[in-house]
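Student: I would like to go through the terms used for this model and see what each one rests on. Please set each value against its definition.

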Amino acid sequence: MTVPPPRLIVGLSGASGTIYGIRILEMLRRIGVESHLVMSRAAEITLGYESEMTADQVRALADHAHSVDNIAAPPASGSFRTLGMIVAPCSIRTMSEIASGVTTSLLTRAADVTLKERRRLVLMVRETPLHAGHLRTMLNLTEMGAVIAPPVPGFYARPQSLDDLVEHTAGRALDLFGLDCGTLRRWGESGGA
């Protein structure tokens, strides 16, 4: 019997920071993890402001790209086995919809399924400052099993460029799934601080 490669669902919402989702897709390809991309329409708009890449080019980085409107796509079902899901970046709206359990797209449905199946859900929430409602929503999600992982860089790795910051942050997010891309300078290890 052939064992299929591990799978990870990658969601891109409309928050600033589309580069995180792009870099995660690139890293997953490098380490042989099957990626399933769901990108919101707001993410496509944000991508146009932040990158020279088109939405089609981002979709091409994934092994499988699913329409945000396709509620019948595999990630909408708990029987579709994955390591979990990462939303990078995660907007406050997307976070709030996931927390409420009232989903309106494949992006939030896949996240809801990830939670109900007790799989790892990592939300790279990209917003600052935060008010009490945001913080309560994050607490609710944490209590439901999600991991709130804002893209906060580690400067102990002595980044020399914006690319270094993105690489480190994306690598740390994938660490939460037990996936090592081999690109991190780790604290206390060779090459780390």
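Student: Why is H66 called buried?

Tutor: This is a predicted model, in which local features need pLDDT of at least 70 and side-chain atom pairs count only at pLDDT 80 or more, while totals for chains, interfaces and linings use all residues. Residues are numbered from 1 along each chain as its sequence is written, and side-chain values use heavy atoms, with hydrogens and water left out. Buried means under 20% relative accessible area, exposed over 50%, and partly exposed in between (1.4 Å probe, protein chains only). H66 has 15% relative accessibility, so it counts as buried.

Student: Where does H66 lie, and which residues does H66 touch?

Tutor: H66 is in strand β3, residues 64-66. Strands (E, at least two residues) and helices (H or I, at least four) are DSSP runs, numbered from the N terminus. Contact means heavy atoms within 4.5 Å. Leaving aside residues up to four places away in sequence, H66 touches H36, L37, V38, M39, A73, P74, P75 and L106.

Student: What makes R118 exposed or buried?

Tutor: R118 has a relative accessible area of 71%, which is over 50%, so R118 is exposed. R118 lies in the loop between α5 (106-116) and β5.

Student: What is the phi of R118?

Tutor: Phi of R118 is near 60°, a positive value in a residue other than glycine. Most residues other than glycine have a negative phi. R158 also has a positive phi, about 55°, and is not a glycine. R158 sits in the loop between β6 (147-148) and α7. With a relative accessible area of 62%, R158 is exposed, because the cut-off is over 50%.

Student: How do you know the handedness of the crossing of α1 and α7?

Tutor: A crossing is right-handed if the near helix is turned clockwise from the far one by less than a right angle, and left-handed if anticlockwise. Helix α1 (residues 18-31) and helix α7 (residues 162-175) pack at about 65°, with axes 9 Å apart. Axes are lines fitted to C-alpha atoms, for helices over the stretch in contact, and angles run from 0 to 180 degrees between N-to-C directions. α1 passes α7 in a right-handed crossing.
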